[in-house]
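Student: I'm new to this one. Can you walk me through it?

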Amino acid sequence: MAADFKTAQPVEYYRKFLEKDVRPDGRELGEIRPTMINIGSISTAEGSALVKLGNTTVLCGVKAEVTNPKSEEPDKGIIVPNVDLPALCSPRFRPGPPSEQAQVVSQFMVEVIQNSGCIDPKDLCIKAGKHVWVLYCDLVCLDYDGNVTDACVLALMAALKNVSLPKVTLNEESGNLETHMQEKWGLNILCQPVATTFAIFDDCIVFADPTDEEENLATGKVTIVTTEEDKICFVHKPGGSPLSDDKLQNCLQRSFIRAREARNLVETTLVNVDR
Amino acid sequence: MPAHRSTMGSKFRTRSSSPMELRPMLSEVSVLSRSDGSASFSQGDCCALAAVYGPGEVKVAKELSDKASVEVVFKMKVGLPGCKEKIQERILRNTCETAIAATLYPRTAIDIVIQEMHNSGSFLATCINCVCMAMLDACVDMKYLVAAVTCGLNSEGELILDPTLEQESDLTALMIFAYESSNFEVIATYTTGSFTSDQFQICLIHCREASKHIFQFFRDTMARKLSK
């Protein structure tokens with residue numbers, strides 16, 4: 001009976017639940033799905049992490065290469081995040097060139113790294129003007145059940161914390177690069193941004209961490225990225241229902257709490273990872 | 001239809017005077033003859049041109065049975081749009097979708113094209129304002145008007161409203177807010193740089209005040225157009 005009601009009138013079905021301040025999957029409005037992280041799951045990558053946010057699964061692998069720096073920034077390394085939403089993860093995506101959403105999430109990752117300043121690109125310099133590291137961060141969504149942005153940011157940061165690079169020096173005489181495989185170093189991560197997404201339902205009810213189903217019914221979305229010491233580094237609301245100041249403030253406060261939890265989770269997982 | 005031109009009075013700064021005022025606005029509506037509505041809008045040296053086609057025929061694949069499908073294309077001055085433009089295009093599209101009373105036009109398409117004319121800082125906000133003028137000119141039913149304001153914070157934490165490109169380069173944070181005209185609530189936000197929650201609140205409030213000037217400007221422009 002409930003299944004019929006849900007299929008026929010999904011919005012009304014949600015409304016009935018939200019009247020009682022609960023969601024059909026049993027979560028409260030501000031509750032985030034159980035989060036699971038596995039760090040260092042890909043042995044062939046320089047750094048990797050698998051994040052599960054409820055059913056949403058994102059895998060991040062970081063590959064490092066040595067390249068020539070851009071001429072305008074000779075002493076800065078390059079970080080290239082790329083989000084792939086393959087046809088595998090959801091019926092909404094078709095095989096072929098990256099969808100608009102994949103491009104938007106990729107750009108989102110670029111801006112999160114830039115805005116938060118979590119990595120100093122100068123750390124990735126081997127020899128200014130000649131050789132720098134480039135980190136290709138490939139994020140693949142394996143299961144799309146809503147809120148990929150949060151899962152992607154978490155996976156990206158966890159994988160970057162896991163990166164271990166060999167020491168590379170430039171032999172001044174021969175001009176060749178020498179790799180010291182025994183001497184490994186990790187990146188100096190200055191802060192850890194965490195994203196929290198909220199969906200707006202019926203122009204007034206705000207709830208955290210929407211599933212795919214909820215995203216489809218939502219009339220608006222807002223993503224807030226925060227770093228340590230309650231700094232905000234990205235507030236992204238691409239249109240949708242208008243939001244009053246106090247609701248926005250509630251979202252900010254909620255995202256600060258979520259960010260602390262997520263950071264603790266990453267820290268405890270990292271301690272158990274054998275590098 | 002003749003083009004209608006209007007400018008905003010002298011109380012607005014002419015480039016880099018007070019940091020707490022908007023740059024002078026200038027707008028011309030019905031500039032294009034083939035579109036259902038068009039507008040060019042400039043804030044200081046920043047200028048955009050928008051055309052609205054529709055509600056009109058819709059491709060079968062994009063047809064929605066309960067509302068109009070809103071399509072927004074952002075054209076740059078040179079080059080092809082990259083990922084950065086995609087994120088801006090999405091903000092523009094979702095903002096338009098929210099503002100247009102799309103349920104009044106089921107099974108139709110509303111196409112909006114925005115052409116960059118000159119970018120001299122706070123460009124996304126100029127685009128949003130330009131689109132709103134074009135939609136007004138096209139007489140598309142809207143739930144409310146939309147106005148966007150950019151503000152920045154410099155290293156001392158001082159607020160600069162509607163920064164130019166030179167000012168933008170030495171800001172630590174930049175925020176763009178789009179407001180609706182009925183309760184002045186936030187429809188869209190886009191930020192760069194990092195800031196605290198208090199700074200965010202202050203910018204939100206200041207931009208809201210500034211947006212009221214833009215709404216007044218919209219009203220004046222339309223009044224002038226209709227009185228002729």
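Predicted model: local features only at pLDDT ≥ 70, side-chain atom pairs only at ≥ 80, totals over all residues.

Student: Okay. How many residues of chain B are in contact with chain A?
Tutor: On chain B, 31 residues are in contact, and they meet 29 residues of chain A.

Student: What area do chain B and chain A bury between them?
Tutor: About 2,700 Å². Carbon and sulfur atoms account for 53% of that area.

Student: How many salt bridges cross the interface of chain B and chain A?
Tutor: The rule finds 3. One of them pairs Arg90(B) with Glu100(A). Their closest N and O atoms are 3.5 Å apart.

Student: And how many residue pairs are in polar contact between chain B and chain A?
Tutor: The count is 15, with both residues at pLDDT 80 or more.

Student: Which parts of chain B supply the side that touches chain A?
Tutor: Four elements of chain B each supply at least two residues: helix H1 (83-99), strand E10 (186-193), strand E11 (195-196) and helix H4 (197-227). H1(B) gives the largest share, 11 residues.

Student: What classes of residue are on that side of chain B?
Tutor: There are 12 nonpolar, 11 polar and 8 charged residues.

Student: Let's switch to salt bridges in general. How many does the structure hold over all chains?
Tutor: It holds 26. Side chains of opposite charge can pair when their charged atoms come close.

Student: Give me an example. What does Arg15(A) meet in a salt bridge?
Tutor: Glu12(A) is one partner, at 2.9 Å from N to O. Both residues lie in helix H2 (residues 10-18) of chain A. They are 3 residues apart, about one turn of the helix.

Student: You said "one partner". Which other residue pairs with Arg15(A)?
Tutor: Asp202(A), at 2.5 Å from N to O. Arg15(A) is in helix H2 of chain A, while Asp202(A) is in the loop between strand E9 (194-201) and strand E10 (205-208), so the pair ties together parts that are 187 residues apart in sequence. Asp202(A) is partly exposed, at 29% relative accessible area.

Student: How covered are they?
Tutor: Glu228(A) is partly exposed, with a relative accessible area of 30%. Arg263(A) is buried, at 10%.

Student: Which residues are linked in a network of salt bridges?
Tutor: Arg23(A), Asp25(A), Arg27(A), Arg33(A), Asp145(A), Asp209(A) and Glu214(A).

Student: New topic: helix H4 of chain A. What should its length be?
Tutor: Helix H4(A) covers residues 148-162, so at 1.5 Å a residue its 15 residues should span 21 Å. Its end C-alpha atoms are 21 Å apart, which agrees.

Student: How many residues of H4(A) are buried?
Tutor: 15 of its 15 residues, so to speak a mostly covered helix.

Student: Now some single residues. Where is His131(A)?
Tutor: In strand E6 (residues 131-143) of chain A. His131(A) counts as buried because its relative accessible area is 17%, and the cut-off is under 20%. Beyond four places in sequence, the residues it touches include Val66(A), Cys125(A) and Leu177(A).

Student: And Leu217(A), where does that lie?
Tutor: In helix H5 (residues 212-217) of chain A. Leaving aside neighbours within four places in sequence, Leu217(A) is in contact with Pro10(A), Val11(A), Tyr14(A) and Phe201(A). Pro10(A) is 207 residues apart from Leu217(A) along the chain, yet their C-alpha atoms are separated by 7.9 Å.

Student: Last one, from chain B. Where is Glu168(B) found?
Tutor: In helix H3 (residues 165-169) of chain B. Glu168(B) is partly exposed, at 23% relative accessible area. Not counting residues up to four places away in sequence, Glu168(B) touches Gly121(B), Ser122(B), Pro163(B) and Leu174(B).

Terms used
Residues numbered from 1 in each chain as written. Chains lettered and ligands numbered in written order. Heavy atoms only, no water. Expected span 1.5 Å × (residues − 1). Buried < 20%, exposed > 50% of the residue type's maximum accessible area, 1.4 Å probe, protein only. Contact = heavy atoms within 4.5 Å. Buried area = accessible area lost by both parts, 1.4 Å probe. Salt bridge = Lys/Arg side-chain N within 4 Å of Asp/Glu carboxyl O. Polar contact = N/O pair within 3.5 Å; in protein donor to acceptor, adjacent residues only side chain to side chain. Nonpolar A, V, L, I, M, F, W, Y, C, P; charged D, E, K, R; others polar.
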